[in-house]
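Q: Could you take me on a close look at the interface between the two chains in this model? I would like to know how the two sides meet.

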There are 2 protein chains.
Amino acid sequence: MSPAQDEVRRRPGGRSAKVRAAVLRATLDALAELGPDAVSISEVARRADVHATSIQRRWGSRDKLVLDAMLTHSQEQLPIPDTGTARGDLIAFARLIRSYLATPLGGALARVMAATEDDPAPGRAEFWRSRYDSASAIVDRGVARGELAAGTDPRQALELLIAPLHFRLLLTRQPLGDDDLERLADAVVRSFAAQGLS
Amino acid sequence: MSPAQDEVRRRPGGRSAKVRAAVLRATLDALAELGPDAVSISEVARRADVHATSIQRRWGSRDKLVLDAMLTHSQEQLPIPDTGTARGDLIAFARLIRSYLATPLGGALARVMAATEDDPAPGRAEFWRSRYDSASAIVDRGVARGELAAGTDPRQALELLIAPLHFRLLLTRQPLGDDDLERLADAVVRSFAAQGLS
């Protein structure tokens with residue numbers, strides 16, 4: 001028995017999970033290669049070797065499929081760290097983002113998303129809202145521990161960390177060493193430190 | 001006499017300056033429409049209605065032409081403010097960048113530069129080095145006035161301001177209100193404030 005068959009036997013829903021994974025991966029590949037405007041359910045169906053009607057039934061629309069693919073991928077690749085300190089979390093998160101953006105798929109997705117003119121894009125706004133909501137835990141825990149000032153806006157603090165990573169990847173193309181990530185996390189912590197806002 | 005002829009008469013070098021301006025503008029338009037990889041001296045010559053040999057003679061290479069066009073445009077559109085305070089300078093600079101990125105040409109150039117895979121790109125590194133060098137005056141004056149800590153790295157402080165503007169334009173597409181720019185400048189000043197690093 002192949003490992004794949006074994007997987008299907010052992011776990012109810014294994015077949016369904018496999019189809020879902022194949023469809024999401026095909027969606028990401030198509031996004032990275034063609035850009036979001038050119039991704040269609042039929043294109044994804046062809047790449048994943050799945051019936052278009054199955055995708056239509058399961059995801060409802062192309063936009064929902066793209067959002068699911070992007071969010072699932074980000075959640076898998078960029079889990080929110082919990083190291084015990086705000087500084088540690090910010091450094092660990094920055095490291096994950098750097099690694100992610102250095103993968104061919106991660107880099108291509110960022111480039112494609114930057115280049116696309118898609119306003120208004122409900123999927124884009126929802127993607128970032130969801131990502132910021134997850135990562136807010138880093139700031140909330142920092143505030144609870146007294147490291148960051150009460151009232152710190154999680155989105156603003158996180159943007160100050162995340163934006164330079166993407167700015168370097170996309171525009172200046174300067175390398176990002178570990179020391180850069182630490183200096184960046186230090187700058188964010190200083191800016192929102194508990195005494196800084198008092 | 002047309003204003004253009006008048007300009008040529010009045011100012012020695014006026015004709016040459018006009019050709020230069022036409023070539024640089026044609027270069028920017030081609031960059032925004034075709035991307036840097038597809039910009040050639042012959043394409044620019046066609047658009048500017050100038051002989052390719054003249055461009056070759058004056059700029060030497062396609063890469064130098066592109067760099068000159070980008071830097072000249074940035075210097076014109078993004079002069080370094082000098083308001084009397086670091087906070088004021090950062091806010092004024094952020095406003096200029098926001099306006100610039102909201103123009104069709106500025107937005108298109110940023111998107112195209114983000115999407116291009118051109119590593120290693122000497123022109124890109126030189127462009128950003130030159131821009132950071134100009135804008136460093138904001139940080140240097142802030143340090144001299146005692147607003148920012150001695151030893152503040154101008155590039156790091158400026159990146160913290162500039163990166164979120166580009167990140168929003170390119171990736172999250174969240175709007176940038178005046179209050180956002182002020183909060184951003186405040187975050188940068190807090191992070192590098194004279195007492196913050198002591």
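A: Happy to! Let's start with a salt bridge: the side chains of B:Glu159 and A:Arg168 come together at 2.7 Å, N to O (a salt bridge being a Lys or Arg side-chain nitrogen within 4 Å of an Asp or Glu carboxyl oxygen). Chain B and chain A share 4 salt bridges. The elements of chain B that each give two or more residues to the side touching chain A are α7 (104-115), α8 (122-144), α9 (154-172) and α10 (178-192); helices are DSSP runs of H or I, at least four residues, numbered from the N terminus. The largest share, 13 residues, comes from α9(B).

A word on the ground rules: this is a predicted model, where local features need pLDDT of at least 70 and side-chain atom pairs pLDDT 80 or more, while totals for chains, interfaces and linings use all residues. Residues are numbered from 1 along each chain as its sequence is written, chains are lettered from A and ligands numbered from 1 in the order written, and side-chain values use heavy atoms, without hydrogens and water.

As for the whole interface, 36 residues of chain B are in contact with 36 residues of chain A, contact meaning heavy atoms within 4.5 Å. Together the chains bury about 3,300 Å², 55% of it on carbon and sulfur atoms; this is the accessible area (1.4 Å probe) lost on being put together, summed over both parts.

Back in helix α9 of chain B sits B:His166, which touches A:Phe167 and A:Leu171, among others.

Technical notes:
Buried area = accessible area lost by both parts, 1.4 Å probe. Lists of a residue's contacts leave out its neighbours within four places in sequence.
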